[in-house]
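Colleague: I would like to go through the labels on this model and hear what each one rests on. Please start with the terms and then give the values.

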Amino acid sequence: MGYSGLGVYQQQPPPPNRRPLWIALAVAGVLAVAGGATAAVVLTDSTAAPAPTTAQTTARPEWTVVEDTQAGLRYEVPPSWEASAGGAVAGVQLTKSLVSRPFDCQGRSMIQAQVASGTGSGEVPDVAEAVIVELARNGYTVNGKKPELGKPEVRGVGEHTEASVEVTPSAVSPCYAPKATIRAYATSNGSRVSVLVLNVAEGGPHVAEGPSEDDVERIMESVRPL
């Protein structure tokens, strides 16, 4: 999530011979943000990042288990999801990142969803809210027009915090979804805060390429400290 590319940020040129991925919401960068603003590039090709650690579980043998030892989190994603480059958002350094199956639309390689994990510092609820708000605001700003954000929901669940915010971008395109929801899980990890963020474009012509509502719930329920 070093998005410097979810919106209009100062995006870095993609590495040679690698196709950038575009979020189906027309806002580039599902998760890597650093400033900015316009629909755009966000993720590098999955070959640019190391594959996540995988294992099989008896409960869900068909899903990929991701263990981010740096963030101290374990979670599961659909088997078709691919590793991608990390980044940083709202002071959280993302060390693992995976995206839903890419698809082509009008010459662009795009995605419907991305999940990433990493660590930051501060109060757990504050970190969770800051990540989703910055990702939504910067990542879904299109052509200089800021998106509409719903009121962030931040709630404590036992020893961790969960947060979510709904986003409506201003872009209109046959490739883009009409809205998105960004969710976060955050928990204390010593002097740091472990964070997982899930960015999902909802609806649109390519909704089948992304996770279902059940998949989203399953991903979020699978998050555990290592």
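Modeller: Strands here are DSSP runs of at least two residues, numbered from the N terminus, and two strands pair if DSSP finds at least two bridges between them. The model is a predicted one.

Colleague: What makes E3 and E4 a pair?

Modeller: The cut-off is at least two bridges, and 5 bridges join E3 to E4, so the two strands count as paired. They run antiparallel. Asp68, for instance, has Leu73 in E4 as its bridge partner.

Colleague: Which residue in the hairpin of E3 and E4 takes a positive phi?

Modeller: Gly72, with phi near 75 degrees; the hairpin has 4 residues between the strands.

Colleague: How do you know that E4 and E16 pair?

Modeller: They are joined over 2 bridges, in the antiparallel sense. At least two are asked for, so the pair qualifies. In E16, Arg224 is the bridge partner of Arg74, and Pro225 stands opposite Leu73.

Colleague: Why are E3 and E16 called edge strands?

Modeller: Strand E3 (64–68) and strand E16 (224–225) each pair on one side only. The order of this open sheet of 3 strands is E3-E4-E16.

Colleague: What makes E4 mostly covered?

Modeller: Buried means under 20% relative accessible area. In strand E4 (residues 73–77), 4 of the 5 residues are buried.

Colleague: What makes up the lining of the largest pocket?

Modeller: A residue belongs to the lining if it has an atom within 4 Å of a pocket point, and 16 residues line the largest pocket. Glu153, Arg155, Ser164, Thr181 and Arg183 lie nearest its centre. Two or more lining residues come from each of strand E12 (153–157), strand E13 (160–168), strand E14 (179–189) and helix H2 (213–222). E13 gives the largest share, 5 residues. The space in this pocket is about 300 Å³.

Colleague: How does the lining divide into nonpolar, polar and charged residues?

Modeller: There are 5 nonpolar, 3 polar and 8 charged residues. Asp, Glu, Lys and Arg count as charged, so Glu153, Arg155 and Arg183 fall in that class.

Definitions and conventions. Residues are numbered from 1 along each chain as its sequence is written. This is a predicted model: local features need pLDDT of at least 70, side-chain atom pairs count only at pLDDT 80 or more; totals for chains, interfaces and linings use all residues. Side-chain values use heavy atoms; hydrogens and water are left out. On a 1 Å grid over the protein atoms alone, a cavity is a set of points where a 1.4 Å probe fits but cannot get out, and a pocket is an open set with protein on both sides within 12 Å along at least five of seven lines; lining residues have an atom within 4 Å of a point. Grid points are joined across faces, edges and corners, and a volume is the space filled by probe spheres set on the points. Buried means under 20% relative accessible area, exposed over 50%, partly exposed in between (1.4 Å probe, protein chains only).
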